[in-house]
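I opened my notebook to get to know a new structure. Here is what I looked up, in the order I looked.

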Amino acid sequence: MATKCVVCQSTIEKGEYCDAHSIAKKNLEKRFSDWQKAYEKMTWEEYLTRMVEDADIPVGEWAKEVAIYLNNQSKK
Ligand SMILES: [Zn+2]
């Protein structure tokens, strides 16, 4: 059964994310582990907020969209 990417609503075969957003999410998670080495107390939520709000962080457009989505999810 076809479904939709939770971020961009494009039709996908399975899962929650399209290919582009799936890769972007993996990159976000990978980068988070790097950040945790630098800022030990940083939580996933704080990290996502930084990604969304700090324009100086070179985060790709897709990764930013995933961060915005996850950030909204965590506030519910
Ligand atoms: Zn997508």
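These entries go from the whole chain to a few single residues.

**Entry 1: the overall picture.** I noted at the start that this is a predicted model. I counted the elements and found three helices and two strands. Reading from the N terminus, I get the order β-β-α-α-α. The C-alpha trace spans about 40 × 25 × 20 Å along its principal axes. I then checked burial: of the 76 residues, 24% count as buried. I also looked at contacts between residues at least 6 apart in sequence, and 33% of them join residues at least 24 apart.

**Entry 2: the loop between the strands.** I looked up Gln9, which sits in the loop between strand 1 (3-4) and strand 2 (11-12). Its phi is near 65 degrees, a positive value in a residue that is not glycine. Is Gln9 buried or exposed? I counted 9 other C-beta atoms within 10 Å of Gln9, so it is exposed, as the cut-off for that is 12 or fewer.

Entry 3: Which residues of helix 2 (residues 44-53) are buried? I found Tyr47, Leu48 and Met51. These three cover an arc of only 100 degrees around the axis, so they lie on the same side of helix 2. Turning to the other side of helix 2, I found Glu45, Glu46 and Glu53 exposed.

I stayed with Glu53 for a moment, since I wanted its count. There are 11 other C-beta atoms within 10 Å of Glu53, which makes it exposed. I also took one distance: Glu53 and Ile68 are 15 residues apart in sequence, and their C-alpha atoms are 9.3 Å apart in space.

**Entry 4: the core.** Before looking here, I reminded myself that in soluble globular proteins nonpolar side chains tend to be buried together. In this model, the largest nonpolar core has 16 residues. Ala63, Val66 and Ala67 have the most contacts inside that core. Which elements give two or more residues to this core? I listed helix 1 (19-38), helix 2 and helix 3 (61-75). Helix 3 provides the largest share of the core, six residues.

Last, I picked Ala67 and asked what it touches. Leaving out residues up to four places away in sequence, I found that Ala67 touches Leu28, Leu48, Met51, Val52 and Val59. Two of these names, Leu48 and Met51, were already in my notes as buried residues of helix 2.

Notes: Residues numbered from 1 in each chain as written. Predicted model: local features only at pLDDT ≥ 70, side-chain atom pairs only at ≥ 80, totals over all residues. Helix = DSSP H or I, 4+ residues; strand = E, 2+ residues; numbered from the N terminus. Buried ≥ 20, exposed ≤ 12 C-beta atoms within 10 Å, placed from the backbone. Contact = placed C-beta atoms within 7 Å. Arc of directions from axis to C-beta. Core = buried A, V, L, I, M, F, W, Y, C linked by C-beta atoms within 7 Å.
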